[in-house]
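User: I have this one open on my screen and want to get my bearings. Walk me through it, please.

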Amino acid sequence: MMSTLLVVPDANGEAAAIARVDRPVTRSDLEAALRAVGMRSGSTVIVHCSMSRLGWVVGNAEAVVQALRAVLGNDGTIMMPAQTGLSDPSHWQSPPVPEDWWPTIRAHWPAFDAAITPLRGMGAVAECFARLPGAVHSGHPAVGFVAQGPRAFELTSMHDLEDGLGDGSPLAGLEAAGADVVLIGVGHDNNTALHLAEVRAVGNVAPRVRDGVPMLVDGHRAWVEYSHIDYDESDFTLLGDAYAAAGGTESRAPVGAGEIRLLPLRELVAFAVGWIADHRSHGSDSTGDDG
């Protein structure tokens with residue numbers, strides 16, 4: 001008698017997700033919550049997601065991506081952060097590597113390739129989304145974005161190496177396009193869009209970091225050095241709370257063990273620029289280096 005092999009998903013992390021809910025979260029649940037917060041067909045959105053915080057989702061990341069596409073329709077455009085973690089090894093902390101390894105890493109780490117370089121810390125939904133037919137990468141080797149939909153090429157066409165999260169990035173294009181920020185199971189500490197406000201508020205005085213990434217230059221691999229501001233999201237949760245307390249536009253809907261939030265990016269960034277300028281202080285030295 002032939003036995004049937006039952007394929008069971010990896011339980012690592014799933015037990016906690018199962019324990020958060022008394023029933024599975026379905027694609028229909030997700031679609032209903034997305035519509036409840038005001039997502040409409042044809043919209044342009046930037047999505048940040050932690051699927052596990054919602055509980056156990058039937059279909060995993062694929063179901064989340066399908067729900068987003070179903071609600072937005074063929075005329076809607078989705079963008080997600082696609083950070084790779086590529087950086088100079090002198091900055092690595094999780095874990096650090098011995099200093100005498102740094103030259104070897106700089107000399108041999110494969111050049112960034114949007115088609116195969118894996119994402120780091122972005123979660124299963126972003127990984128799944130990046131594989132969609134027609135998905136377009138903005139080309140930044142460290143803090144890139146992936147978009148899919150009719151405005152994908154337009155929104156990813158400009159991404160400056162040194163201004164990776166400022167006005168030289170797709171975030172500025174999203175703002176101009178009147179996009180919404182969608183937070184699925186996450187808070188503002190995961191809201192990459194707030195870095196656009198950070199750059200505008202303190203970019204001229206914030207400490208700068210010398211960094212490096214492996215890239216293709218004229219068809220050849222090279223270690224390219226550049227600098228960027230020392231990004232700091234440590235106060236983004238407080239910023240988001242202040243925005244809500246000030247009456248900022250924000251819609252919320254529960255789904256599973258978590259919630260989905262939708263906020264207009266332009267309004268949020270305008271508020272955040274002033275808030276960051278008022279609540280952060282920096283010295284006049286803008287040439288600092290944490291490496």
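User: Let's start with His228. Buried or exposed?

Analyst: His228 is buried, at a relative accessible area of 12%. Here buried means under 20% relative accessible area, exposed over 50%, and partly exposed in between, with a 1.4 Å probe and protein chains only.

User: Before we go on, what am I looking at?

Analyst: This is a predicted model, so local features need pLDDT of at least 70 and side-chain atom pairs count only at pLDDT 80 or more, while totals for chains, interfaces and linings use all residues. Residues are numbered from 1 along each chain as its sequence is written, and side-chain values use heavy atoms, with hydrogens and water left out.

User: OK, back to His228. Where is it found, and what does it touch?

Analyst: His228 sits in strand β7. Helices (H or I, at least four residues) and strands (E, at least two) are DSSP runs, numbered from the N terminus. Setting aside residues up to four places away in sequence, His228 touches Glu162, Pro207, Arg208, Val209 and Asp211. Contact means heavy atoms within 4.5 Å.

User: Zooming out, how many helices and strands are in the chain?

Analyst: The chain has 10 helices and 9 strands. Its radius of gyration is 20 Å, close to the 19 Å from the globule rule for 291 residues, so the chain is as compact as a globular protein of that length. That radius is taken over C-alpha atoms, and the globule rule is 2.2 Å times the number of residues to the power 0.38. The C-alpha trace spans about 60 × 60 × 35 Å along its principal axes.

User: What share of the residues is buried?

Analyst: Buried residues make up 48% of the 291. As for contacts between residues at least 6 apart in sequence, 72% join residues at least 24 apart.

User: Which residues touch the most other members in the largest nonpolar core?

Analyst: Ile46, Leu171, Leu174, Leu239, Leu265 and Ile276, out of 39 residues in that core. A nonpolar core is a set of buried Ala, Val, Leu, Ile, Met, Phe, Trp, Tyr and Cys residues joined through side-chain atoms within 4.5 Å.

User: Which elements give two or more residues to this core?

Analyst: They are β4 (143-148), α6 (152-156), α7 (170-176), β5 (180-184), α8 (194-202), β7 (220-229), α9 (236-245) and α10 (265-279). The largest share, 6 residues, comes from α10. Another core of 36 residues lies apart from this one, with Met51, Ala67, Ala126 and Val182 among its members.

User: Back to Leu239. What is it in contact with?

Analyst: Leaving out neighbours within four places in sequence, Leu239 is in contact with Leu194, Phe271, Ala272, Trp275 and Ile276.

User: New topic: Tyr231. Where is its place, and what does it touch?

Analyst: Tyr231 is in the loop between β7 and α9. Not counting residues up to four places away in sequence, Tyr231 touches Glu162, Gly164, Leu165, His195, Glu198 and Val199.

User: And Val199, buried or exposed?

Analyst: Val199 is buried, with a relative accessible area of 17%, and lies in helix α8.

User: What about Thr192?

Analyst: Thr192 is in the loop between β5 and α8 and counts as buried at 7% relative accessibility. Beyond residues up to four places away in sequence, Thr192 touches His48, Pro81, Gln83, Phe145, Leu165 and Leu171.

User: Which way does phi go for Asn60, positive or negative?

Analyst: Positive, near 55 degrees, and Asn60 is not a glycine. Asn60 lies in helix α3 (residues 60-72) and counts as partly exposed at 35% relative accessibility. Asp218 also has a positive phi, of about 55 degrees. Asp218 is in the loop between β6 (208-217) and β7, and at 75% relative accessibility Asp218 counts as exposed.
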